[in-house]
Amino acid sequence: MLFREAKPEDQIRDEAGLRRAVDEALKSVRVFDVHTHLFPFSFERLCKWGIDDLLTYHYLVAELFRSCEISPKAFFEMPESRQADLVWRKLFVESVPLSEAAAGVCTVLTSLGLDPRAKDLSEAREYFAEVDPHEHLDVVLELAGVSDVVMTNDPLDDQEALYWQSDSFVDPRFHAVLRLDPILCQWDQTWRKLDARGYKVDAEASPKAVDEVHRFLDSWSGRLQPRYLAVSLPPDFAYPDDSPRTRLLEGAVLHVCRELDVPLALMVGVRRGVNPELGLAGDGVGWADVSSIERLCERWPENRFLATVLALENQHQLIVAARKFANLTPFGCWWFVNNPSTIESITRMRFEMLGPTFIPQHSDARVLEQLIYKWAHSRRVVADALYPSLRQLQLAGWFPTRAEVDGVVERLFQGCARGTLCLDQIQAPLSVEVRPAKSQVSEQQPKG
Ligand code: RAT
Ligand code: ZN
């Protein structure tokens, strides 16, 4: 961002004018969404969209079991549409949808012109049955104000691997990420899978096995062209230690990141399967040891790291760590802290201690239309978090201009992501009022 001389008449001196500038900048910025679980439509059933997928989101499923007697087993045996009907009735019709995930569905429905107080899902189902998926994708991205979405790609998932191997079309707005959880967190099972695919690996992650993992990552990076490599880690993640994880990180993953010139994203603090009966909804949170992230940054100064932590209690430590290591970029308010109250306090701390050098939010959307609510809600909260820091500046006698406010917001939502991921071109901002656009059907081309 280039700062021009701020003419006195352009400097915003009053509180209301500043608040307006911040709100408008947040409404109009186009977002680079650095972490989602979305897929393009060409990945068929891996691409989740529409009312049934929205209502069976695992955040809502966890809430359903608190509002109804059904057992998880009976629920998961039902067809998806019946699951969605039940979630709708229990959380939206017989209750007030107060939670962030439930209010999110209301934001989506309202934005699409549907009734969030409908007694059943017939109107919504009719709407989604009639839309053209490609036009719908354009409408959703426009409503959400999202320019780019980064996926989560697992080449060890046999179903997903097939799409990559058959060179399925990947919409250029979707970027790949090579997810490493099976390799770095479930090595005791994954080595057999790699062995079956012809890699000479073993349970101990011997030097030969580590080389083979390097070869596997090289080969899949060639195919996916990932923007970064990523892993979610348990609270007891320790680096370094005497485990296959450290050997694989040091001998393969960090080298591949360097060779590709991409960061490694660390998402630390998830306790998988706290209540295994709940499936995806059964994961929990634990306190992480942020000093392990610090040691990675210190010992691998040529590598870049993105990091997000799940526990509220770890947020301040991560910010302090980022002040020590310029190769560490905190990103997003992840999962259980992706709620307005926690986003606001975490983001305020980040502004106060890091200035505009972090990526404030990612959506973690699993269902296409969630982009609409996750970004609508985040824009509002990040505006609430940014305003006090700019107000502080006004009180200090440094009066920001509208262009400077826009510049900061652009840097936060595009520049920091593009900079960390080594991408350059900047997207045009949205017009302040976003309306669904009747857009062209995107032409399908083979990837590459
Ligand atoms: O937020 C979520 O949907 C979680 O289930 C996880 O996917 C988490 O974001 C992750 O990427 O591991
Ligand atoms: Zn995620």
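User: Let's start with Asp261: where is it found?

Analyst: Asp261 is in the loop between α13 and β6 (264-268); helices (H or I, at least four residues) and strands (E, at least two) are DSSP runs numbered from the N terminus. This is a predicted model, where local features need pLDDT of at least 70 and side-chain atom pairs 80 or more, while totals for chains, interfaces and linings use all residues. Residues count from 1 along each chain as its sequence is written, chains are lettered from A and ligands numbered from 1 in written order, and side-chain values use heavy atoms, leaving out hydrogens and water.

User: What's phi doing at Asp261?

Analyst: Phi of Asp261 sits near 60°, a positive value in a residue other than glycine.

User: And the Tyr239 to Pro240 peptide bond, cis or trans?

Analyst: That bond is cis, with omega near -5°. Pro240 falls in the loop between β5 (229-233) and α13 (244-260).

User: Switching topic: which residues surround ligand 1?

Analyst: With a heavy atom within 4 Å as the limit, the shell includes His35, His37, His58, Tyr59, Arg179, Ser232, Trp334, Trp335 and Asp364. Met267, Arg272 and Arg366 belong to that shell too.

User: Which side chain has an N or O atom 2.7 Å from a ligand 1 oxygen?

Analyst: Tyr59. For Arg272 the distance from a side-chain N or O atom to an oxygen of ligand 1 is 2.9 Å, and for Asp364 it's 2.8 Å. The protein covers 99% of the 300 Å² of accessible area (Shrake-Rupley, 1.4 Å probe) that ligand 1 has on its own.

User: What are the protein donors of the zinc ion?

Analyst: His35 (NE2), His37 (NE2) and Asp364 (OD) lie 2.0 to 2.1 Å from the zinc ion, ligand 2; a donor is an N, O or S atom within 2.8 Å of the metal.

User: How are the donor residues spaced in sequence?

Analyst: As H-x1-H-x326-D. His35, in the loop between β1 (31-33) and α2 (51-55), and Asp364, in the loop between α16 (340-354) and α17 (370-395), are 329 residues apart, so the pair links distant parts of the chain.

Conventions. A polar contact is a pair of N or O atoms within 3.5 Å; within protein, one must be able to donate a hydrogen and the other to accept it, and residues adjacent in sequence count only if both atoms are side-chain atoms. Donors are N, O and S atoms within 2.8 Å of the metal (3.2 Å for Na, K and Ca); water is not among the atoms, so sites may look incomplete.
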